[in-house]
Structures are given as structure tokens and as C-alpha cells.
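Let's take a friendly walk through a protein chain together.

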Amino acid sequence: GTDIPVQAPPPQFDRDAITDMAPEDRMEMINAMVEGLAERLRDDPDNVEGWVRLLRSRQVMGQSADEDLALMRATYAERPEVIADILSRSGRPPQP
């Protein structure tokens, strides 16, 4: 069989390095990852798992997700069950 090559995470994601980071550096890196995810979803919004991760991250970090929620709702406007699923799995109260 053909093995699918597994891509190693970039060096900045080295767990020990993250643990040794100053808290503000760690937050900056996490912020950069969250923003990167948000950007990918703006380019390609049909990604249920991505939305769940993004909305959960925003909540954990105490950031507003209003723009994200608006785009996610617009993306799945014809599929309310997907919106409900994303909201429930990201720990957000379902909103009409």
C-alpha cells in the first residue's frame, strides 16, 4: 500500500518550547494560530470542524466571535442543522 506522508508540525509547535514560553509569548502564538484558522475559514468557509475549533478558541480566549458567527451563519444559511451542530459542539448557546 502507499503510505500517506505525515507532515511534521512546524518547529514553532514544539510542545516543550511552548511550555517554556513566557505567558504573553504563548498567548501571542495561540492568537496567531486562531487568526490563521479564521483567515482559512474566510477563504474556504465550508469547514464544520474548523468553525467548531475557531468558535471554541474565541470563547476560551474571551474574544468576540461576532464576525465569525455571521460568516458561519451565512455559509450554512440553507442548512440550519449544521449551524445548530457547530454551535452546540463549540459550547455556544444556540441563537435564532
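## A buried arginine

Arg 58 has a relative accessible area of 6%, so this residue is buried. You will find Arg 58 in helix 3. Helices and strands are DSSP runs numbered from the N terminus, where a helix (H or I) has at least four residues and a strand (E) at least two.

Which residues does Arg 58 contact, leaving aside its neighbours within four places in sequence? They are Val 34, Glu 35, Ala 38, Gln 63, Ser 64, Ala 65, Asp 68 and Arg 92. A contact here means heavy atoms within 4.5 Å.

## About the model

What you see is a predicted model, in which local features need pLDDT of at least 70, side-chain atom pairs count only at pLDDT 80 or more, and totals for chains, interfaces and linings use all residues. Residues are numbered from 1 along each chain as its sequence is written, and side-chain values use heavy atoms, with hydrogens and water left out.

## The whole chain

The chain has five helices and zero strands, so reading from the N terminus the elements run α-α-α-α-α. The chain has 96 residues, and 26% of them count as buried.

Its accessible surface comes to about 6900 Å², with 54% of that belonging to carbon and sulfur atoms. Such areas come from the Shrake-Rupley method with a 1.4 Å probe, and for residues only the protein chains shown count as cover. Among the contacts in the chain with a separation of 6 or more, 44% are between residues 24 or more positions apart.

## Salt bridges around Arg 58

A salt bridge is a side-chain nitrogen of Lys or Arg within 4 Å of a carboxyl oxygen of Asp or Glu. By this rule, the count is four salt bridges. One of them joins the side chains of Glu 35 and Arg 58, at 2.8 Å from N to O. This pair links distant parts of the chain, with Glu 35 in helix 2 and Arg 58 in helix 3, 23 residues apart. Glu 35 counts as partly exposed because its relative accessibility is 33%.

Arg 58 also forms a salt bridge with Asp 68, where the closest N and O atoms are 2.6 Å apart. Asp 68 lies in helix 4 and Arg 58 in helix 3, so this pair ties together parts that are 10 residues apart in sequence. Is Asp 68 buried or exposed? Asp 68 is buried, because its relative accessible area is 7%. Helix 4 covers residues 66-75. Not counting residues up to four places away in sequence, Asp 68 touches Ala 38, Trp 51, Leu 54, Leu 55 and Arg 58.

## A bridge within one helix

Asp 85 and Arg 89 also meet through their side chains in a salt bridge, at 3.2 Å from N to O. These two are four residues apart in helix 5 (residues 80-89), so about one helical turn separates them. Asp 85 is partly exposed, with a relative accessible area of 31%, and Arg 89 is partly exposed with a value of 31%.

Helix 2 (residues 23-43) holds Glu 39, which is partly exposed at a relative accessible area of 48%. Met 33 is in helix 2 as well, and Met 33 is partly exposed at 39% relative accessibility. Met 33 and Ser 57 are 24 residues apart in sequence, and their C-alpha atoms are 9.8 Å apart in space.

In helix 3 (residues 48-60) you will find Arg 53, which is partly exposed with a relative accessible area of 46%. Not counting residues up to four places away in sequence, Arg 53 touches Leu 37 and Arg 40. The C-alpha atoms of Arg 53 and Ile 86 are separated by 9.3 Å, while the two residues are 33 apart along the chain.

Note on methods: Buried < 20%, exposed > 50% of the residue type's maximum accessible area, 1.4 Å probe, protein only.
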